[in-house]
There are 2 protein chains.
Amino acid sequence: MMMRFDGRFGFPGGFVDTRDMSLESGLCRELLEELGPAISTVDITEKDYRSSQVREHPQKCVTHFYTKELKLDDLERVELESGLAKDHGLEVMGLVRVPLYTLRDGVGGLPAFLCNNFIGNSKSQLLYALRTLRLLREDQIQEAIRASQNIQY
Amino acid sequence: MMMRFDGRFGFPGGFVDTRDMSLESGLCRELLEELGPAISTVDITEKDYRSSQVREHPQKCVTHFYTKELKLDDLERVELESGLAKDHGLEVMGLVRVPLYTLRDGVGGLPAFLCNNFIGNSKSQLLYALRTLRLLREDQIQEAIRASQNIQY
C-alpha cells in the first residue's frame, strides 16, 4: 500500500472520467504517476477487477477495486523505481509492504498494521483482497481483526 | 520514518553493545542495513545526538535518539536505493516521508499521520524532533496533536 499525502494509507488510484477512457486505462495512468515507470510493463485488464462501492458523502463517488499479482522480481523493480514516480513526494509519501503474518506476541504484524490510519474503504478492500485471493485463511483474517481491536493505545 | 516488520511506524535503529563499538558506529551499521547503501556517505556523530529515554518494560532498555539533516538530493538517493537494503522486506517494509503540513480540512496531513500506529516512544521522538529542529512552530505542533485527538474512527 502507499502512505498518501494526507497521512493515511491507501491503494494507488484516482479519478477517471469514463467519457475519456476506460476504467482500466485510467487506472494504468494513475499507477504510472504514483508507482513509477516499472509498473508500465504490468497490464491491468477487466480480469483484474474485484469489486465496487458507492459512497454518498462528502460527494457521490463510486470506487472500483482491482488487484494484480506480481512476481517478487517485478514487485522489487516497482519498489526500486517508485522514487522516480511523478507523484513521489507529492501525492505519494512512500510505498510499504503489508505484513501478512502475526508475530508470536499475537499483535505484531497484520493486527498492528490494521491499527494504522486508512483512507475511505481501503482497509476493508485490503481484507477483501486477502480473503478472495486466498492470501490468508478466513480464520487467520478474523483472528487478526480481533487482535487489532484489542490493541491498547 | 519506516514501516516496520511488526506493522508499526518507527525510526531506523537497533540494539548496540557499547562494549563492542560506539553508539554512533552501531547506529551507522543499523542505518546501512535498514536504509541501504546510499546512507553510507552520511556520517553520524555525537553532534547528531538528541535525547535518551529509559524504558523499564518489557525489559530495561535505554533508547538514544539521533537526527540528521539531509539535502533533498541525498534523501532522494536514500529513497531510491532503500529497496537494496539488507533488511528490506524483512525488518523494513518501506520508507515514508512524514507530511509536515495540515490540509484545509484541518485533519489531513500531520494530524492524520499521527493517528497511525507507532512503536514505543517513536511518535514522541518525532514530535520532539519537529520541535527542537524548528521544523514546525510550537503552536502548529500543538494544533496538529489536538486535531489528531479529535479524529473519529
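Which residues do ring pairs link into a cluster? The members are F9(A), F113(A), F118(A), F9(B), F113(B) and F118(B). The structure is a predicted model, in which local features need pLDDT of at least 70, side-chain atom pairs count only at pLDDT 80 or more, and totals for chains, interfaces and linings use all residues. Residues are numbered from 1 along each chain as its sequence is written, chains are lettered from A and ligands numbered from 1 in the order in which they are written, and side-chain values use heavy atoms, with hydrogens and water left out.

Chain A has five helices and five strands, where helices (H or I, at least four residues) and strands (E, at least two) are DSSP runs numbered from the N terminus. Their order from the N terminus is β-β-α-β-β-α-β-α-α-α. The radius of gyration of chain A, 16 Å, is close to the 15 Å that the globule rule gives for 153 residues, so the chain is as compact as a globular protein of that length; the radius is taken over C-alpha atoms, and the rule is 2.2 Å times the number of residues to the power 0.38. Along the principal axes, the C-alpha atoms of chain A fill a box of roughly 50 × 35 × 30 Å. Buried residues make up 43% of the 153 residues in chain A; buried means under 20% relative accessible area, exposed over 50%, and partly exposed in between (1.4 Å probe, protein chains only).

The relation between the two chains comes next. Chain B is superposed on chain A by a rotation of 180° with 0.0 Å of shift along its axis (RMSD 0.0 Å), using least squares on the C-alpha atoms of residues with pLDDT of at least 70 in both copies. The two copies are thus related as by a two-fold rotation axis. In chain B, the residue that comes closest to this axis is N116(B), at 2.1 Å (C-alpha). Because 100% of the interface residues of chain B are also interface residues in chain A, the copies meet through the same surface.

The aromatic rings can now be placed in this picture. Over all chains there are 11 aromatic pairs, counted for rings of Phe, Tyr and Trp (its six-membered ring) with centres within 6.5 Å; planes under 30 degrees apart count as stacked, over 60 as edge-to-face and the rest as tilted. The rings of F9(A) and F9(B) are stacked, because their centres are 5.6 Å apart and their planes lie at 5°. Each residue sits in strand β2 (residues 9-10) of its own chain, so the pair joins two chains. F9(B) also forms a tilted pair with F113(B), at 5.2 Å centre to centre and 45° between the planes. This second pair links strand β2 of chain B to helix α3 of chain B across 104 residues. F9(B) counts as buried at 0% relative accessibility, and F113(B) is buried with a relative accessible area of 0%.

F9(A), F113(A), F9(B) and F113(B) touch the most other members of the largest nonpolar core, which has 34 residues. Such a core is a set of buried Ala, Val, Leu, Ile, Met, Phe, Trp, Tyr and Cys residues joined through side-chain atoms within 4.5 Å. Beyond its neighbours within four places in sequence, F113(B) is in contact (heavy atoms within 4.5 Å) with residues including M3(A), G7(A), F9(B) and L126(B).
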